[in-house]
Amino acid sequence: VARARAAGAEVTVFELAADTLPLFDEDREAANGLPAAAVALKAAFRAHDGLLIASPEYNGFFTPLLKNAIDWVSRPEPGAASPFAGKAAALLAASDGALGGIRGLPHLRVLLSTLGVTVAPTQLALARASQAYAADGGLADAGLAALLETAVRDLMRLCAALKAA
């Protein structure tokens with residue numbers, strides 16, 4: 001978040017575990033419409049040009065909370081464009097394991113691409129995440145910090161290119 005803001009991006013942070021999105025259910029949607037948290041998330045997706053998605057690995061996949069949020073946001077609305085249309089994304093993962101969540105990123109890339117999101121090629125998988133941070137909250141490894149900056153810059157360039165197209 002700090003790197004994106006430092007690069008000039010407007011950042012809205014969503015902590016999916018803290019939001020109150022019920023499990024996606026078409027019957028629930030038909031009976032009650034979109035939950036308020038889904039409406040807010042959808043509005044935020046529409047208001048931003050890009051998505052910087054950071055997800056821990058969950059059994060070799062991205063988290064069920066992230067999948068549930070994407071499911072709610074992807075629900076069609078009559079006369080409205082998809083909240084994913086024209087968006088770019090950069091993907092980050094973290095895990096305390098040696099692979100840093102890398103196994104979940106291809107799945108997320110496929111899902112987002114299916115929804116029409118252009119996914120930046122630069123991604124970061126942070127291994128041994130609980131030990132990866134310096135006292136100031138930044139990444140302790142300079143190489144990883146540089147890769148994170150590259151991912152953020154690539155996302156911002158991709159957003160600008162898509163917006164100009």
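Colleague: Which residues touch the most other members of the largest nonpolar core?

Modeller: Leu21, Ile53, Ile70, Phe84, Leu91, Leu108 and Leu112, out of 23 residues. This is a predicted model: local features need pLDDT of at least 70, side-chain atom pairs count only at pLDDT 80 or more, and totals for chains, interfaces and linings use all residues. Residues are numbered from 1 along each chain as its sequence is written, and side-chain values use heavy atoms, without hydrogens and water.

Colleague: What makes a set of residues a nonpolar core?

Modeller: Its members are buried Ala, Val, Leu, Ile, Met, Phe, Trp, Tyr and Cys residues, joined through side-chain atoms within 4.5 Å.

Colleague: Which element gives the largest share of this core?

Modeller: Helix α4, with 5 residues. Helices are DSSP runs of H or I, at least four residues; strands are runs of E, at least two; both are numbered from the N terminus.

Colleague: Why is Asn68 called buried?

Modeller: Buried means under 20% relative accessible area, exposed over 50%, partly exposed in between (1.4 Å probe, protein chains only). Asn68 has 8%, so Asn68 is buried. Asn68 lies in α4.

Colleague: What does Asn68 touch, not counting residues up to four places away in sequence?

Modeller: Leu21, Pro22, Leu23 and Phe24. Contact means heavy atoms within 4.5 Å.

Colleague: How do you know that β2 and β3 pair?

Modeller: Pairing takes at least two DSSP bridges between two strands. Here 6 bridges join β2 to β3, so the strands pair. They run parallel. In β3, the bridge partner of Leu92 is Leu124.
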